[in-house]
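Let's take a walk through a protein model together. Keep the structure open beside you and turn it as you read.

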Amino acid sequence: LKAAVEKLKGEEAPEEPYVHLELGIAGLIDKSYVASDRQRVELYRRLVGAQTIEDLEQLEEDMKDMFGPLSRGTRAAVDLAELRILAARWKINSIIRDNFDLVFTVREMNVVEPLFKDAPGTVRIVDAQTVYMRLGKSYFAADTLLAVLRKLLKK
């Protein structure tokens with residue numbers, strides 16, 4: 001809606017970047033949680049369209065009101081959407097798991113450098129757009145990895 005209003009006013013709407021995540025974590029809304037295909041598609045649309053943490057909190061409340069406590073897969077989908085929103089604030093383009101490394105591709109290194117100052121594991125800046133963060137094996141359990149990334153990105 002905001003983009004449509006700005007277009008009518010003749011203003012350029014800044015394009016919100018979409019952060020690409022490949023963490024090996026499935027964020028799926030289970031059919032047992034939301035039986036209707038139409039409703040599941042609408043929830044996915046809202047997850048992808050969430051631009052702020054407040055949008056995401058509202059969606060989570062709506063899901064709880066309609067379907068009860070979030071299923072494990074649905075919780076993961078919400079958590080991944082939260083990471084996308086938080087990462088966008090740091091001008092991160094992608095976070096990809098590569099064995100025991102998390103590979104961050106960034107738009108502006110000077111913006112993200114403080115993010116990695118006290119990060120867990122070993123951090124290597126390999127070029128102006130790429131940061132490798134090596135973590136121990138225990139960090140890659142889904143819940144642990146989501147918690148570590150959430151804490152890192154909320155700085």
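**Rings, a helix and some strands**

Let's begin with the aromatic rings: searching the whole structure turns up 3 aromatic pairs. Before going on, keep in mind that this is a predicted model.

Look for Tyr33 and Phe67. Their ring centres are 5.7 Å apart and their planes meet at 55 degrees, so this pair is tilted. What parts of the chain does the pair link? Tyr33 sits in the loop between strand S1 (20-22) and helix H2 (37-49), while Phe67 belongs to helix H3 (residues 53-67), and the two are 34 residues apart. Now, is Tyr33 buried or exposed? With a relative accessible area of 10%, Tyr33 is under the 20% cut-off, so it counts as buried. Phe67, at 23% relative accessibility, counts as partly exposed.

Next, find Phe104 and Phe116. They form an edge-to-face pair, 4.9 Å from centre to centre with 75 degrees between the planes. This pair also links distant parts of the chain: Phe104 is in strand S3 (residues 101-106), and Phe116 is in the loop between helix H5 (109-112) and strand S4 (122-127), 12 residues apart. Both Phe104 and Phe116 are buried.

One more ring deserves a look. The face of Tyr132 has Arg124 lying over it, at 5.0 Å from the ring centre.

Now let's move to a helix. Helix H6 (residues 142-153) has 12 residues, and from its first C-alpha to its last it reaches 16 Å, close to the 16 Å expected at 1.5 Å a residue. Which residues of H6 are buried? They are Leu145, Leu146, Val148, Leu149, Leu152 and Leu153. If you look down the axis of H6, these buried residues fall within an arc of 165 degrees, so they line one face of the helix. Here's the general idea behind that kind of pattern: an α-helix has 3.6 residues a turn, so residues three or four places apart point the same way. On the face of H6 turned away from the buried side, you'll find the exposed residues Asp143 and Lys151. And what covers the buried residues of H6? The cover includes helix H4 (72-89), strand S2 (92-98), S3 and strand S5 (130-134).

Helix H4 is worth a stop, too, as Glu82 lies in it. Glu82 is buried, with a relative accessible area of 11%. Leaving aside neighbours within four places in sequence, Glu82 is in contact with Ile53, Leu56, Arg150 and Lys154.

Over to the strands. S4 and S5 pair in the antiparallel sense over 5 bridges, and they form a hairpin with 2 residues between them. Within this pairing, Ile125 stands opposite Val131 in S5.

Setting aside neighbours within four places in sequence, Ser94 is in contact with Val19, His20, Val103, Phe104 and Thr105.

Let's finish in strand S3, where Leu102 lies. At 0% relative accessibility, Leu102 counts as buried.

Conventions: Residues are numbered from 1 along each chain as its sequence is written. This is a predicted model: local features need pLDDT of at least 70, side-chain atom pairs count only at pLDDT 80 or more; totals for chains, interfaces and linings use all residues. Side-chain values use heavy atoms; hydrogens and water are left out. Rings of Phe, Tyr and Trp (its six-membered ring) pair if their centres lie within 6.5 Å; planes under 30 degrees apart count as stacked, over 60 as edge-to-face and the rest as tilted. Helices (H or I, at least four residues) and strands (E, at least two) are DSSP runs, numbered from the N terminus. Buried means under 20% relative accessible area, exposed over 50%, partly exposed in between (1.4 Å probe, protein chains only). A charge sits over a ring if NZ of Lys or CZ of Arg is within 6 Å of the ring centre and within 35 degrees of the ring normal. The expected span of a helix is 1.5 Å times one less than its number of residues. The arc is that of the directions from the helix axis to the C-beta atoms. Contact means heavy atoms within 4.5 Å. Two strands pair if DSSP finds at least two bridges between them.
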